[in-house]
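Here is a short note to read beside the model. Please keep the structure open and look up each residue as you go.

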Amino acid sequence: MTATAARPRSFDLARAADYAAPGALVVVWVAFFIATPHFLTLDNIGDLLVASSILAVLALGQQFAVVVAGIDLSVGANLPWAAALLGATATAGVPLGLAILIAVAGSVVVGIVNGFLVGYLKMTDFIVTLGSLSVVSGITLLLTEGNTVAVSSPFLQAIALDGIGPVRWFWLIALAAAVLVWFTLFRTRAGTHLLAVGGGSDAALGSGIPVRRVRLAAYAASGLLCGVAGVMLVARNGGADPSLQTNYLLSSIAAVVLGGSSLFGGKASVVGSVTGAVLLTSLVNGFTIIGISQYFQTIAVGAVVLLAALLARFRK
């Protein structure tokens, strides 16, 4: 008898794509550690995680849209919309707690409108959220007259700068959001419905799942977390900038896809989305420390977005 050589196992691109974010994060941190001694310091890592917390919350909202095989382009305008609502109401004398609720509620309304148009009127998610991007941006500019609205609040300042010992409040907010999203997606009936609709809306409908209502809920959840991120943005910047946040939009999508979710829906990774957010923020942070032009930073983020799109091809 002649022995036959064992065939080497083929390289599993789908599995490799699932681990793209943590692998790339390690490579990026090692590269910046070699390039500059100022990157892996406690102060810089702390600030980096604070900045990435905003993107992480935004990406977790985007996760809901992506998991039902959709996309939410409106976050680029919904984020400054929430910030502008907070700034306008707070400066008008509205109590801060109520102003925060109004800001978050305003973002939820945008999400509900998107979800109604996509779920009930069966309009294309790309067109709906692209239209919302323009409409909400225009309303925000009208509200603020195109000017940044300063928000002076010791409470918001404390949220951005303080914490419990070495643990910053922003980290805890992002962690709480991640735990809530994970529990919703993987431990509740609502999460099962979201994943089922993303996996195949016809099959989900045949199983008795209210597909239209599920899609509306997904976009409403995206709006909710976008509103929370908007409040965090105001707390960190000390004001509301009404301009479009295109970088946040692109990065939120890239973080979700890099983290292991599928643009075709039905698959989600909460830890992956958060890791993707930290990765993208690390790139910008490291380039800034090294002194690389912000124009090159934009190119790098765009390249990561393209990489995320490429990885999406290999996921089932």
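Which side chains meet in a salt bridge? This is a predicted model, and the points below start with that pair.

1. **The salt bridge.** The side chains of R168 and D47 form it, at 3.8 Å from N to O. The count of salt bridges comes to 1. Side chains of opposite charge can pair when their charged atoms come close.

2. **What the pair ties together.** R168 counts as buried because its relative accessibility is 17%, and the cut-off for buried is under 20%. D47 has a relative accessible area of 40%, so it is partly exposed.

3. **The largest pocket.** About 640 Å³ of space lies in this pocket. Its lining is made of 23 residues. Find the centre first: Q245, N247, Y248, S251 and V284 are the lining residues that lie nearest to it. α3 (42-67), α11 (211-237), α12 (246-258), α13 (270-290) and α14 (294-312) give two or more residues each to the lining of the largest pocket.

4. **Who gives the most, and of what kind.** α14 gives the most to the lining of the largest pocket, with 6 residues. By class, that lining divides into 10 nonpolar, 10 polar and 3 charged residues.

5. **The second largest pocket.** Here the space is about 280 Å³. The lining has 14 residues, and W171, A174, L175, A178 and V274 lie nearest the centre. Helices α3, α8 (169-187) and α13 each supply at least two residues of this lining. α8 gives the most, with 6 residues.

6. **A contact across the sequence.** V256 lies in helix α12. V256 is 197 residues from A59 in sequence, yet the two C-alpha atoms are 6.1 Å apart in space. Is V256 buried or exposed? V256 counts as buried because its relative accessibility is 0%.

7. **A nonpolar patch on the surface.** Now turn to the outside. V26, V30, F33, I34 and L40 form a nonpolar patch there. Together they have about 500 Å² of accessible area. One of them, L40, has its place in the loop between α2 (20-35) and α3. At 38% relative accessibility, L40 counts as partly exposed.

8. **A positive phi at A69.** A69 is not a glycine, but its phi is positive, at about 65°. Look for A69 in the loop between α3 and α4 (75-91). Its relative accessibility is 33%, so A69 counts as partly exposed.

9. **A positive phi at E145.** E145 is not a glycine either, and has a positive phi of about 60°. E145 is found in the loop between α6 (125-144) and β1 (149-150). Why is E145 classed as exposed? Its relative accessible area is 67%, and exposed means over 50%.

Note on methods
Residues are numbered from 1 along each chain as its sequence is written. This is a predicted model: local features need pLDDT of at least 70, side-chain atom pairs count only at pLDDT 80 or more; totals for chains, interfaces and linings use all residues. Side-chain values use heavy atoms; hydrogens and water are left out. On a 1 Å grid over the protein atoms alone, a cavity is a set of points where a 1.4 Å probe fits but cannot get out, and a pocket is an open set with protein on both sides within 12 Å along at least five of seven lines; lining residues have an atom within 4 Å of a point. Grid points are joined across faces, edges and corners, and a volume is the space filled by probe spheres set on the points. Helices (H or I, at least four residues) and strands (E, at least two) are DSSP runs, numbered from the N terminus. Ala, Val, Leu, Ile, Met, Phe, Trp, Tyr, Cys and Pro count as nonpolar, Asp, Glu, Lys and Arg as charged, and the others, Gly among them, as polar. Patches are made of residues with over 30% relative accessible area and no salt bridge: like charges are joined within 9 Å, nonpolar side chains (Val, Leu, Ile, Met, Phe, Trp, Tyr) within 5 Å. Accessible areas come from the Shrake-Rupley method with a 1.4 Å probe; for residues, only the protein chains shown count as cover. A salt bridge is a side-chain nitrogen of Lys or Arg within 4 Å of a carboxyl oxygen of Asp or Glu. Buried means under 20% relative accessible area, exposed over 50%, partly exposed in between (1.4 Å probe, protein chains only).
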